[in-house]
Amino acid sequence: MPFEATHKIWMDGEYVDWDQATVHVLTPSLHYGWGVFEGIRAYDTTLGTAVFRLTDHMRRLFRSAKIYHMEPPVSLEGAIKITKDLVAMNGVRACYIRPLVYLGYGEIGLNPLNSPVSMAIACWPWGAYLGEEAFERGVRVKISSWRRLDPNIIPPAAKATGQYLNSSLAKAEALKGGYDEGILLNPNGYVTDGSGENVFVVREGTLLTPPLAAGCLAGITRASIMRIAEDEGIPVRETDLVRTELYLSDEAFFTGTAAEVVPIREVDDRVLGDPGPITRRVQEVFQAAIHGKDERYRDWLEPVG
Ligand code: PY5
């Protein structure tokens, strides 16, 4: 998917032109994947342009950095302010925001502890991650032959750049097989998440999703959907799921910042069918929430102006 470039990207204290936002080829993070990032969205809302759960995303970024012994060069409050200023400065009403904390040029050995820590924040308009049609019709999913990383190999609790080799292998396998997305099982065979989305299934009116200990990312959309479901009187339970529970579910869907809420219509060629009523309901409430149209979730919106 090509970029729809904006004007400025923030890099280590400066707002630089989009085309000038480059790093040296010997930047260690490029070689060894030692970096952490976030995916955030700003929406055109009833309050003007507002970032969805910006503070929660930045907290997760700082937690990821802690796991990898990196002290971001700005404070949490600083990162929040810069993000809002950047979105406003670029004049975009809605966009995807990508903060990145990484090791800057300086060292090329495997010791990550002596390199300077750099940070960048970019934003650009980014449409439906799994395609416009996916919202309505749902996606076809394959259980990946690639297993999710064990927490003692590379911790899924951090959103680290190198870790996404695992997700991208699953994504590539799914696409080459003619599917839209892959779901990864953990080394014990339990469902974790999609390559870039958390997974929910509906069984007899209850929403089920894998627990964090299964090895999925602590998704902010996941947490939002759990809260929405509770408010809507839909029971939610975190529980380990095996692949056949996806095949036999009444409904299933993905959640994520890039993807938002996307129905799953098939898993490994077992048809679940058109999006069901619970999927539709949470999709609808989530859309209202992110656009400032549901009072209950106003505090999730952090206006840029
Ligand atoms: N699981 C994985 C592996 C993810 O990468 C993501 C987010 C999620 C779950 C959902 O988390 P959240 O709801 O907090 O976004 N993926 C990124 C995103 O911005 C990267 C996608 C390219 O959605």
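Glu38 is buried, with a relative accessibility of 0% (buried denotes under 20% relative accessible area, exposed over 50%, and partly exposed the range in between, with a 1.4 Å probe and protein chains only). The model is predicted, so that local features require pLDDT of at least 70 and side-chain atom pairs count only at pLDDT 80 or more, whereas totals for chains, interfaces and linings use all residues. Residues are numbered from 1 along each chain as its sequence is written, and side-chain values use heavy atoms, with hydrogens and water left out.

The side chain of Glu38 forms a salt bridge with that of Arg60, at 2.8 Å from N to O (a salt bridge is a side-chain nitrogen of Lys or Arg within 4 Å of a carboxyl oxygen of Asp or Glu). Because Glu38 lies in the loop between strand E3 (35-37) and strand E4 (40-45) and Arg60 lies in helix H2 (residues 54-67), the pair ties together parts that are 22 residues apart in sequence (helices, H or I with at least four residues, and strands, E with at least two, are DSSP runs numbered from the N terminus). Arg60 is also buried, at 5% relative accessible area.

In total, the structure contains 23 salt bridges. Another of these joins Asp294 to Arg296, with the closest N and O atoms 2.9 Å apart. Asp294 is buried at 13% relative accessibility, while Arg296 is partly exposed at 34%. Both residues belong to a network of salt bridges that also links Glu232, Arg281 and Glu284. Glu295 pairs with Arg298 in a salt bridge whose closest N and O atoms are 3.5 Å apart; Glu295 is exposed, at 59% relative accessibility, and Arg298 is partly exposed, at 27%.

An oxygen atom of the ligand lies 2.6 Å from a side-chain N or O atom of Thr221, and an oxygen atom of the ligand lies 2.6 Å from a side-chain N or O atom of Thr257. The protein covers 94% of the 520 Å² of accessible area that the ligand has on its own (Shrake-Rupley method, 1.4 Å probe).

How values were computed
Polar contact = N/O pair within 3.5 Å; in protein donor to acceptor, adjacent residues only side chain to side chain.
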